[in-house]
Amino acid sequence: MKTFFLKYYPLFLGMLFLFIAYFTLLIISFYQNGNHIVYSLDDAYIHMAMAKNFASDGIWGVSRYEFASSSSSILWTSLLALIYFLFGANEIAPLILNLLFASLVIISSYFILKKYNISNKYIAMVLISLVVITPLPPLMFTGLEHVFHIWISLLFIYLVSELVIENNTDRKKIFYLVSLGTMLPMIRYEGIFLVFIASLLFIL
C-alpha cells in the first residue's frame, strides 16, 4: 500500500487539492445562499431549462412550447438532458458533472506527463498549478461546459502531438482524434479553431 501511494502520490496530491478547493467553495456557497445551490452565471440556468424541456417534452428550447436554440454548447445541454431523462430534473447535475470532468483533467494530465518520464515532484507541481491557475474550482461553480471543454481539448492536443510530432500513424489514435475533433465544436463553438490549427499541422 505504501509503495502504491508513493508511486502515484502526485495524482493523489492533485486530486486532494482539487477536492479540498471544491468542497471549501461548496460550503461557502451553501452558507452565503441559504443552503441552496446557486451558480455564478445565469447561462447555467438556460442550459438546465433547455435540458429539462428536451428530456421531458422533446422540445429544444427554453420553453416547452417552441424550438429556440439558446445553448452555446449542444453537447453539454444534451448531456444534462440525458441525466434529467434518467434521474429527473435537478440543479446539482452541472456541479457533479464538473467535478467529474475536473477529476478527469487531473487524471489525464498525470498519465500524459508520466508517459514523458517527468519526475513525480514536477508532476505534482503541474497538477496543483492546474487546479489553481486554470482555475478549476471557480469554473466548476459556473455550472457550464468549460471544464468539459478543457478535458477534451487536453486529450485532443495530446493526440495531435502523438500523431504529428512523433509521426505516429496508429489508426486507433486517428479514430480517437477525429472523434474528439468532432466533439470540440459541439462543446464550445470556439473549439473549431483548435481543430483548424490541428488540420494545418497535418497538412504541413
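Trainee: How far does the backbone nitrogen of Leu144 lie from a polar atom of the side chain of Thr142?

Mentor: First, the ground rules: this is a predicted model, where local features need pLDDT of at least 70, side-chain atom pairs count only at pLDDT 80 or more, and totals for chains, interfaces and linings use all residues. Residues are numbered from 1 along each chain as its sequence is written, and side-chain values use heavy atoms, with hydrogens and water left out. A polar contact is a pair of N or O atoms within 3.5 Å; within protein, one must be able to donate a hydrogen and the other to accept it, and residues adjacent in sequence count only if both atoms are side-chain atoms. The backbone nitrogen of Leu144 and a polar atom of the Thr142 side chain are separated by 3.3 Å.

Trainee: Which residue has its backbone oxygen 2.6 Å from a polar atom of the side chain of Thr142?

Mentor: Thr142 sits in the loop between helix H7 (136-140) and helix H8 (146-165). Helices are DSSP runs (H or I, at least four residues), numbered from the N terminus. The backbone oxygen at 2.6 Å belongs to Leu139.

Trainee: Is Thr142 buried or exposed?

Mentor: Buried means under 20% relative accessible area, exposed over 50%, partly exposed in between (1.4 Å probe, protein chains only). Thr142 has a relative accessible area of 9%, so Thr142 is buried.

Trainee: Which residues does Thr142 touch, not counting residues up to four places away in sequence?

Mentor: Contact means heavy atoms within 4.5 Å. With that sequence exclusion, Thr142 touches Tyr39, Ser40, Leu41 and Ala44.

Trainee: Which helices do the buried residues of H3 pack against?

Mentor: The buried residues in H3 are Ala44, His47, Met48, Met50, Ala51 and Asn53. They pack against helix H4 (74-87) and helix H5 (93-115).

Trainee: At what angle do the axes of H4 and H5 cross?

Mentor: Axes are lines fitted to C-alpha atoms, for helices over the stretch in contact, and angles run from 0 to 180 degrees between N-to-C directions. The axes of H4 and H5 come within 11 Å and cross at roughly 115 degrees.

Trainee: Which residues in H5 meet Trp76, Leu79, Leu80, Ile83 and Tyr84 in H4?

Mentor: Asn98 lies in helix H5 and is one of them. Asn98 counts as buried because its relative accessibility is 0%. The H5 residues in this contact are Ala93, Pro94, Leu97, Asn98 and Phe101.

Technical notes: Helix = DSSP H or I, 4+ residues; strand = E, 2+ residues; numbered from the N terminus.
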